[in-house]
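Hi,

Here is the structure I promised to pass on.

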Amino acid sequence: MLLKDLAKVAGVSLSTVSRALHGDPRISEPTRQRIQAIADREHFVLSKSASALASRKSFRITALFVDHFNTWFTSTSLEGLYSVIETSDYDLFPLALHTPEELDRYFRSLSKNNNTDGIIISSIHLSKKHTEQLAASHIPVVGLDSYGTQGYDAAIVLNNERSMTIAAQTIKRLGHTTIGFVHYPQPGLFRDYSYSERIPQFESICKAQGYTSQSFEHFTSEDGRADKAGVESIITRWESSQVQPSVLFVETDDFAITLLSALREHGFRVPEDVSVVGFDDNPVSQLIGLATFRQNALENAHYAAHTMLDLLQTSSAKHCAGSYHAANAPDDELFHEDETAFIQRRTLAKAKGVTKAKGVTKAKTRNKH
C-alpha cells in the first residue's frame with residue numbers, strides 16, 4: 001500500500017496522513033488514532049527516505065562531541081541519547097570534532113546542507129560567531145554538559161559551585177596546604193570546552209577557602225596526550241616541583257585512573273604519599289575508591305534527547321531555533337541545572353607531609369616495594 005492508497009481508505013489528504021503518522025500536533029488525536037489503526041491493519045510503514053524528500057527534513061539529529069567516543073562521558077552520553085532517539089522517527093548521527101577548524105567548517109556548512117534537523121552539542125562553549133551561524137540555520141540546538149545558555153535553545157547546565165566548595169573545605173580540613181591541578185591533555189586542540197572550566201572554577205573556590213596562588217601547582221602532559229609518556233612527564237614534574245602538592249585534582253576520572261596507576265608504578269602510595277581527586281564518578285572510580293565529583297551523564301543525555309524531540313515536534317515559533325538567540329531571553333523551563341556532588345573516597349585522606357628537600361622526596365614517604 002502506498003501513502004496515497006492509505007489516504008484514500010482513510011478519506012483524508014496525503015498531507016493529513018503524513019502529519020498523523022509523524023505525530024504532528026495539528027492533527028486531532030481521534031483522527032491520528034483512526035489513521036494509525038488503518039496503517040497497522042494494512043501493515044503500512046512510512047519510508048523514512050520518502051518522508052524526508054516530501055517534508056524536506058533529514059530525520060537526523062546530530063550529536064557533536066569534542067572528545068573520543070571511547071571515553072566514559074562520551075560513550076555514556078551516546079548511550080543515553082540513542083536510547084531515547086531510537087524510539088522516535090529520527091536517527092542519531094554522532095560526530096566528533098577534534099579541532100576548532102573542524103567545528104568552524106561544520107557550522108559554516110549548516111546553511112548550505114540540509115542534513116540535520118537538530119543538533120545536540122556536548123561540552124563546547126559557543127563563540128558569538130557560532131551562535132550567529134546556528135541562529136541563521138534555524139536548527140534547534142540543545143546543549144549537553146554546558147556551562148552556560150548562550151547560543152542554545154535548551155541546555156543541561158552543570159553547577160559545580162556547591163560540590164567544589166565542599167571539596168575545598170574537606171581538603172583543607174584534612175591538612176592539605178598545597179594542591180596540584182592536573183589538566184586533561186585532550187580533547188584535540190580545543191581551549192573552550194567544559195573540561196577546561198573545572199580547574200579555574202575549583203582554583204577560585206579554593207582561594208575563597210583561604211588558599212593562595214602559592215598553594216597551587218599546575219601540571220600538563222608534555223606531549224599533549226593522555227598516553228604513557230604524557231603521564232610520566234606529569235609525575236616527573238610533580239616529583240621535582242618545589243611545592244609538590246599533597247593532593248592532585250585531575251580534570252577527568254579517566255585520566256585520574258591512568259595517573260593513579262602510574263604513581264603506584266613509581267612507588268608512590270595513594271593516599272599515603274599523595275591524594276588524588278577526579279571528576280565524573282564513572283563505574284571504575286567507584287570500584288577503586290577514587291574521590292571524585294558525580295555528574296548524572298546518562299540522565300542528562302536522556303533529558304537532552306527528550307528536549308530535542310519536543311523542540312522538533314513543536315511548530316510554535318517560540319521553540320524555533322534562532323528565536324532565543326535573537327531575543328536573548330531563553331525559556332527557563334528548557335534549561336535544566338545539574339548540580340554535581342562531591343564523593344569522598346579512599347584516594348583522599350589526611351596530608352602526611354610529603355615534602356621536598358632540595359628537590360628530593362623524603363624516603364619515609366615512599367613505598368619501597
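This is a predicted model: local features need pLDDT of at least 70, side-chain atom pairs count only at pLDDT 80 or more; totals for chains, interfaces and linings use all residues.

Let's start with a pair of helices. The axes of H6 (residues 100-109) and H7 (residues 128-137) cross at roughly 25°, so these two helices are roughly parallel to each other. Their axes come within 9 Å, and the crossing is left-handed. On the H6 side, the residues in contact are Leu103, Asp104, Phe107 and Arg108, and they meet Lys129, His130, Gln133 and Leu134 of H7. Sorted by class, the residues of this contact are three nonpolar, two polar and three charged.

Now for a second pair, H5 (residues 72-85) and H13. Here the axes come within 8 Å and cross at roughly 40°, which makes H5 oblique to H13. This crossing is right-handed. From H5, the contact involves residues including Trp72, Phe73, Thr76 and Leu81, while H13 brings in Ala297, Leu298, Ala301 and His302, among others. The class count for this contact is 11 nonpolar, six polar and one charged.

While you're looking at H13 (residues 297-313), find threonine 307, which is part of that helix. Is threonine 307 buried or exposed? Its relative accessibility is 7%, so threonine 307 counts as buried. A polar atom of its side chain lies 2.7 Å from the backbone oxygen of tyrosine 303. Leaving out residues up to four places away in sequence, threonine 307 touches Val142, Ala154 and Leu334.

The last stop is aspartate 281, in the loop between strand S9 (275-277) and helix H12 (283-288). With 5% relative accessibility, aspartate 281 counts as buried too. Which side chain does the side chain of aspartate 281 join in a polar contact of 2.9 Å? The partner is arginine 345. If you set aside neighbours within four places in sequence, the residues in contact with aspartate 281 are Trp72, Asp253, Gln286, Thr292, Phe293, Arg294, Ile343 and Arg345. As for alanine 297, its C-alpha is 9.6 Å from that of aspartate 281, and the two are 16 residues apart in sequence.

Cheers

How values were computed. Residues are numbered from 1 along each chain as its sequence is written. Side-chain values use heavy atoms; hydrogens and water are left out. Helices (H or I, at least four residues) and strands (E, at least two) are DSSP runs, numbered from the N terminus. Buried means under 20% relative accessible area, exposed over 50%, partly exposed in between (1.4 Å probe, protein chains only). Contact means heavy atoms within 4.5 Å. A polar contact is a pair of N or O atoms within 3.5 Å; within protein, one must be able to donate a hydrogen and the other to accept it, and residues adjacent in sequence count only if both atoms are side-chain atoms. Axes are lines fitted to C-alpha atoms, for helices over the stretch in contact, and angles run from 0 to 180 degrees between N-to-C directions. Angles under 35 degrees count as roughly parallel, over 145 as roughly antiparallel, 65 to 115 as roughly perpendicular and the rest as oblique. A crossing is left-handed if the near helix is turned anticlockwise from the far one by less than a right angle, and right-handed if clockwise. Ala, Val, Leu, Ile, Met, Phe, Trp, Tyr, Cys and Pro count as nonpolar, Asp, Glu, Lys and Arg as charged, and the others, Gly among them, as polar.
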